[in-house]
Amino acid sequence: MSKAWRDYQEKNKDRFLNEMLDLLRIPSVSARSEHKDDMAKCAELVKQRLMDAGCDKAEVRATDGHPAVYGEKIIDTAKPTVLVYGHYDVQPVEPLELWHSGPFEPTIRDGKVYARGSADDKGQFYMHVKALETLVQTKTMTTNIKFLIEGEEEVGSPNLGKFVAENKDLLKTDVILISDSSMLSMETPTLDIGVRGLSYIEVEVTGPNRDLHSGTYGGAVANPITMLAKMIAGCHDKKNHITIPGFYDDVAEPTKEEKRLLRKAPFNEQEYKDDLGVKELWGEKGYTTNERTGIRPTLELNGIWGGYQAEGSKTVLPSKATAKISARLVPNQSSKKMTELLLNYFRSIAPPSVTVNAFEHHGGEPYMTPIDSKGYQAASKAVKKTFGKAPIPVRGGGSIPICSILEKELGVKIVFMGFGLDNDNLHSPNEKYNIENYYKGIETIPYFHKFFAEE
């Protein structure tokens with residue numbers, strides 16, 4: 001079986017790559033209304049590629065926002081079913097001037113594909129499409145396979161929950177398989193056993209009713225940028241511990257066994273710093289870097305602006321200043337509760353010299369999958385088969401908002417099986433995906449289906 005898979009994949013690897021590049025050329029930015037037509041175009045291409053790969057049925061399904069794509073290959077209703085979840089939408093590309101090549105002009109350099117969406121998540125979900133093709137063409141399918149590829153993950157999946165709730169029979173499955181995560185390296189394979197939740201808000205601080213001359217009014221009227229900066233700076237103490245009352249109340253502490261497994265993951269601090277171009281790491285005192293990015297909640301400033309920002313100078317005391325702020329959440333923390341906590345906090349600490357308007361953008365719940373589950377064990381065996389060593393279970397630092405909803409509505413566990421790398425520049429300029437990783441995913445995924453059917 002494995003030889004047939006390898007032979008087919010080797011014979012078709014150039015086409016597999018070129019098909020992925022075609023997907024990357026479509027600017028499917030869900031956050032921007034001007035890309036609505038691009039979103040529809042990308043959904044149609046995904047549908048066509050599912051049919052080409054061997055699905056019996058594939059269709060673009062409308063939601064209250066951007067469409068979702070559903071596909072299926074049912075070989076025997078008595079056999080187990082795997083639902084593959086992914087997303088075809090991508091993050092905005094700004095700042096454009098920092099890209100070394102066009103974000104939607106996929107460019108191969110040093111064995112890596114540089115393009116927006118290459119690792120998050122077009123390149124990763126497309127591995128499953130090509131794995132399906134491999135299984136169909138070699139007549140070796142052991143599971144039924146369904147696909148749910150959405151178009152709103154990067155804006156918090158606001159409409160997918162309703163779609164899933166209304167289509168439970170269509171999406172009925174025994175496990176959900178997601179490749180929207182990463183591993184430490186090709187030498188040290190890992191599998192995420194959880195992702196953090198998210199609470200994302202915006203805070204607007206208003207002072208005077210118009211921009212003012214900073215000489216005439218400076219020193220007499222509160223500057224909204226200064227006030228906002230002070231409010232944000234006060235959110236961390238000297239130990240980089242978050243000072244917002246109640247922020248840590250519901251945090252679930254990891255078990256000793258999980259900490260032990262996490263410590264098995266190799267970490268070279270100097271390489272980490274060199275890759276990021278920083279001289280020193282920063283974070284909550286008392287925790288390692290891997291713990292800070294996996295098992296601890298965080299609060300980050302994602303954007304801040306106000307006043308004059310064009311070329312040259314303009315001595316102005318601005319009327320408004322705005323910040324976008326996100327919190328990453330860990331098990332037991334509720335995104336709804338945390339969002340209300342953050343909104344109320346920023347409203348309450350505003351000095352009387354300014355007013356605050358704070359509102360939510362989107363959120364999502366943290367998610368954990370047990371390592372003794374049938375799905376995780378199948379993924380672990382699959383990775384061991386192709387990498388030659390068992391993967392280390394780790395927690396991912398990012399968020400996939402739909403996870404908790406998928407489990408709640410469909411009643412099954414999720415398995416994370418990502419093949420990206422942490423340094424793939426997700427959400428940043430020059431996003432990349434190693435071609436080796438892409439092919440390794442296509443090689444490994446068929447084994448997941450084989451082992452899941454055998455469990």
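I began with E431, which counts as buried at 1% relative accessibility (buried is under 20% relative accessible area, exposed over 50%, partly exposed in between, with a 1.4 Å probe and protein chains only). This is a predicted model, where local features need pLDDT of at least 70, side-chain atom pairs count only at pLDDT 80 or more, and totals for chains, interfaces and linings use all residues. Residues are numbered from 1 along each chain as its sequence is written, and side-chain values use heavy atoms, with hydrogens and water left out.

**Salt bridges**

I looked up the partner of E431. E431 pairs with R116 in a salt bridge, with the closest N and O atoms 2.9 Å apart (a side-chain nitrogen of Lys or Arg within 4 Å of a carboxyl oxygen of Asp or Glu). The two sit 315 residues apart: R116 in the loop between β5 (112-114) and α3 (122-137), E431 in the loop between β19 (420-421) and β20 (432-434). Helices (H or I, at least four residues) and strands (E, at least two) are DSSP runs, numbered from the N terminus. R116 is buried too, at 0% relative accessibility.

Next I took E202 and K324. Their closest N and O atoms are 4.0 Å apart in a salt bridge. E202 is buried at 11%, whereas K324 is partly exposed at 26%.

I also checked K432 and D424. Their salt bridge has an N to O distance of 2.5 Å, and both residues are buried. My search of the whole structure gave 25 salt bridges.

**Second largest pocket**

I then turned to the second largest pocket. I noted R6, Q9, E10, K13, F16, Y439, I442 and E443 in its lining. By class, the lining holds 3 nonpolar, 1 polar and 4 charged residues. α1 (2-24) and α13 (435-454) each give at least two lining residues. The largest share, 5 residues, is from α1.

**C55**

Is C55 buried or exposed? C55 is buried, with a relative accessible area of 5%. I found C55 in the loop between α2 (36-53) and β1 (57-61). From C55 to E340, the C-alpha separation is 44 Å, and the two are 285 residues apart along the chain.

**V278**

Last, I looked up V278. V278 lies in the loop between α8 (269-276) and α9 (289-292). Its relative accessible area is 36%, so V278 is partly exposed.

How values were computed: On a 1 Å grid over the protein atoms alone, a cavity is a set of points where a 1.4 Å probe fits but cannot get out, and a pocket is an open set with protein on both sides within 12 Å along at least five of seven lines; lining residues have an atom within 4 Å of a point. Ala, Val, Leu, Ile, Met, Phe, Trp, Tyr, Cys and Pro count as nonpolar, Asp, Glu, Lys and Arg as charged, and the others, Gly among them, as polar.
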